[in-house]
Amino acid sequence: MTAEIDPFQLYGTRETEVPPQRLTAGRLAVDFKDGNLRTITYDRKEVLRAVSYLVRDRDWGTYAPRISDLKIDQGQDGFSVAYLAHCTGPDDTALEIRMHISAKTGGALIFEAEAVSKTGFETNRCGFCILHPIVGVAGTPVSVEHVDGRREDTRFPDLIEPWQPFKDMRAITHTVMPDVTAECRMEGDTFEMEDQRNWSDASYKTYVRPLALPWPYQIPAGQPVSQRIILSFADKRPTLSAPASVRPEGRAVTITEGNKRGTMPSIGLVITPEEAKATLEARDVLAEIGPQELLFHFDPNAGHDATAFKAIGAIAKLHAGTSTLEIALPCQSPLAEAQEIATWMNAAGFKPDAIVVSPSVDRQSTPPGSQWPACPPLEEVYAAARSAFPEVRLGGGMLSYFTELNRKRVPSGPLDFITHCTNPIVHAADDLSVMQTLEALPFITRSVRAIYGDKPYRIGPSTIPMRQNPYGSRTMDNLGGRRIPMANRDPRHNGRFAEAFALGYAVEVLDAGLECLTLSALTGQFGLIAGKDEPSPAGGKRPIFNTVAMLARLAGSQWRECVSSDPTAVLSFVAAPVDGAPQMLLVNITATAQQVELGSFRLAEKGESGSLTLQPFAVHSIALKD
């Protein structure tokens with residue numbers, strides 16, 4: 001990050017992340033951060049995304065341990081790390097974990113942990129978590145050794161698996177590059193893998209303690225729990241050199257034209273009854289953005305009733321585009337509930353163009369081995385909606401995330417379109433992990449298309465803050481503006497980080513042929529403009545305003561694919577508006593400035609160079625010749 005940029009402009013907070021410490025042992029390199037390992041590479045090629053020791057509470061929140069007695073030794077032939085991690089739980093319970101990490105040139109990376117509680121400690125999960133990357137790994141061969149010694153030669157899932165692809169694991173071996181394999185051996189408990197792309201994480205996650213076992217559970221007082229991870233390599237290359245696919249440090253990112261083409265989706269904004277008054281007060285800003293779609297949220301279990309439709313109807317009358325009402329239906333009596341809502345709507349004069357209906361209970365996750373909560377058949381729910389709202393399009397899917405849609409696949413026959421959301425802070429909330437979730441989006445959309453074919457498809461609202469937690473009893477309050485998983489407020493929504501994330505999101509889902517994409521609200525903690533008591537840039541417009549307004553202007557335009565030589569740094573596409581010159585949109589999704597070469601694209605301005613520098617999290621538009 002350049003020193004001249006105020007961190008608040010980038011992140012919505014002046015609290016910056018502590019940079020990782022790079023540790024090396026020959027061709028092995030790791031980033032040590034917050035007691036765990038990130039970006040584990042061999043000859044600069046990513047092998048594992050992370051090896052972490054995680055402790056989860058009963059709501060699947062992740063403890064942030066206090067680290068003490070940290071000792072790091074980086075030598076010429078390897079490194080070692082030792083420290084103590086301390087977790088404090090409810091009712092003055094405590095857990096202490098003694099950690100040791102080591103690696104020698106030509107040897108294995110070893111990460112050992114011993115956890116002890118003097119008080120007893122409640123947890124949903126306590127132990128190692130190993131993340132394999134997805135790009136270049138999905139669909140490739142892998143060998144799994146099970147706890148009984150049996151070896152299974154198979155493949156990493158290509159389409160996203162709803163349930164665990166591998167169980168009862170002791171070791172997993174995959175090809176890193178030609179003639180180089182990596183084995184990750186896991187000792188001390190039984191491990192299994194879940195396909196974290198379900199949650200838009202850019203990884204396959206191998207974790208300790210099978211989900212079929214009860215949770216939360218107790219770590220008994222005075223009983224040590226020991227685990228060990230061993231990562232070893234078999235390098236059979238006749239000559240040793242760094243892989244050509246890795247971009248050398250300092251080399252510019254090049255943008256070339258790809259082959260894919262399509263139509264830009266409509267852009268929506270979500271509006272809740274709680275934000276309806278603020279939305280009406282911001283009607284001029286709403287008109288300035290010009291979204292094609294307004295998505296009104298309605299949840300009787302949250303206290304929404306007939307009074308909500310007065311404001312909803314008033315907002316809809318201000319809007320020149322279409323509107324959709326999404327209903328979290330209680331489903332005690334679907335037809336009666338739907339008819340009552342229709343009566344309230346008609347009395348207020350609100351006539352949406354579409355209805356999305358989903359049982360309220362389906363917003364909660366049903367983990368492997370669990371029973372879905374009682375709910376009428378979805379065919380009955382959809383039939384009730386058709387009867388109550390006979391002249392509008394009917395959508396279904398999930399008001400939560402792709403995870404739930406993948407695990408409870410709705411019958412698409414009665415539906416006019418499919419919808420779901422995503423959220424990037426389910427499991428981790430550091431800057432790198434959040435931006436890496438963009439890598440998972442094409443896998444999600446391709447998996448949806450594999451299930452539902454060419455059925456019209458919508459995504460959103462998908463924001464960095466979490467609006468609803470399917471995996472616990474609540475979202476996490478975050479008045480301190482920290483980077484925490486499952487938080488209902490996230491400081492980065494106020495900064496250029498969110499502006500870049502939103503455009504990166506749009507780029508990664510272009511190929512899905514979406515009907516509509518919703519990336520924000522207008523007001524509130526998920527909004528494009530901040531309230532009077534909320535931190536915001538001058539004028540109240542958050543930087544994400546610029547991306548969403550631009551995407552709304554481009555809705556319906558033809559887009560052309562741009563191929564980035566480093567999509568982990570810069571993403572791009574070309575849009576050709578009906579009434580204007582084509583333009584290239586570029587976004588830097590990193591915290592460092594990126595040099596970009598534009599290749600053979602013909603620029604409209606003669607003075608415009610074929611190269612440029614993108615500042616951290618910058619969004620840039622360049623006019624092209626027709």
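Q: Why does Tyr53 count as buried?
A: Buried means under 20% relative accessible area, with exposed over 50% and partly exposed in between (1.4 Å probe, protein chains only). Tyr53 has 5% relative accessibility, so it lands in the buried class. One note on where this comes from: it's a predicted model, where local features need pLDDT of at least 70 and side-chain atom pairs count only at pLDDT 80 or more, while totals for chains, interfaces and linings use all residues. Residues are numbered from 1 along each chain as its sequence is written, and side-chain values use heavy atoms, with hydrogens and water left out.

Q: How do you know which rings pair up, and how many aromatic pairs does that give?
A: Rings of Phe, Tyr and Trp (its six-membered ring) pair if their centres lie within 6.5 Å; planes under 30 degrees apart are stacked, over 60 edge-to-face, and the rest tilted. By that rule there are 17 aromatic pairs. Take Tyr53 and Phe128: at 5.2 Å centre to centre and 90° between the planes, they form an edge-to-face pair. Tyr53 sits in strand S4 and Phe128 in strand S10, 75 residues apart, and the pair links these distant parts of the chain. (Strands here are DSSP runs of E, at least two residues; helices are runs of H or I, at least four; both are numbered from the N terminus.)

Q: What makes Phe111 and Phe128 an edge-to-face pair?
A: Start with Phe128, which is buried at a relative accessible area of 1%. The centres of the Phe111 and Phe128 rings are 4.9 Å apart and the planes make 70°, so edge-to-face it is. This pair also links distant parts of the chain, 17 residues apart, from Phe111 in strand S8 (residues 109-116) to Phe128 in S10. Phe111 is buried too.

Q: What links Phe296, Phe298, Phe309, Trp344 and Phe350?
A: Ring pairs do, and they make a cluster of these residues.

Q: What makes the charged end of Arg458 count as sitting over the ring of Phe417?
A: The rule wants NZ of Lys or CZ of Arg within 6 Å of the ring centre and within 35 degrees of the ring normal. The charged end of Arg458 sits over the Phe417 ring, 3.9 Å from its centre. Arg483 does the like over the ring of Tyr11, at 4.9 Å from the centre.

Q: Why is strand S4 called largely enclosed?
A: 10 of the 12 residues of S4 (residues 45-56) are buried, so the rest of the structure largely encloses it.

Q: How do you know that S4 pairs with S3 and with S10?
A: Two strands pair if DSSP finds at least two bridges between them. S3 (residues 36-42) and S4 have 5 bridges, in the antiparallel sense, with Tyr42 opposite Lys45. S4 and S10 (residues 125-132) have 7 bridges, antiparallel as well, and there Ser52 stands opposite Cys129. In the hairpin of S3 and S4, Asp43 takes a positive phi near 50°.

Q: Why are S32 and S33 called edge strands?
A: The open sheet has 7 strands in the order S32-S31-S19-S28-S29-S30-S33, with mixed pairing. S32 (611-614) and S33 (619-623) have a single partner strand each, so one side of each is left without a neighbour in the sheet. Within it, S19 (residues 253-263) and S28 (residues 558-564) pair antiparallel over 6 bridges, while S19 and S31 (residues 594-597) pair in the parallel sense over 2.

Q: In what order do the strands of the barrel run?
A: 8 strands close into the barrel, in the order S20-S21-S22-S23-S24-S25-S26-S27, and the pairing is parallel. S25 (residues 417-421) and S26 (residues 457-459), for example, share 3 bridges, and Arg458 is the bridge partner of Thr419.

Q: Why is Thr445 called buried, and what does it touch?
A: Its relative accessible area is 6%, so Thr445 is buried. Thr445 is found in helix H9 (residues 441-452). Contact means heavy atoms within 4.5 Å, and Thr445 touches Tyr457, Ile459, Val509 and Ala512, leaving aside residues up to four places away in sequence.
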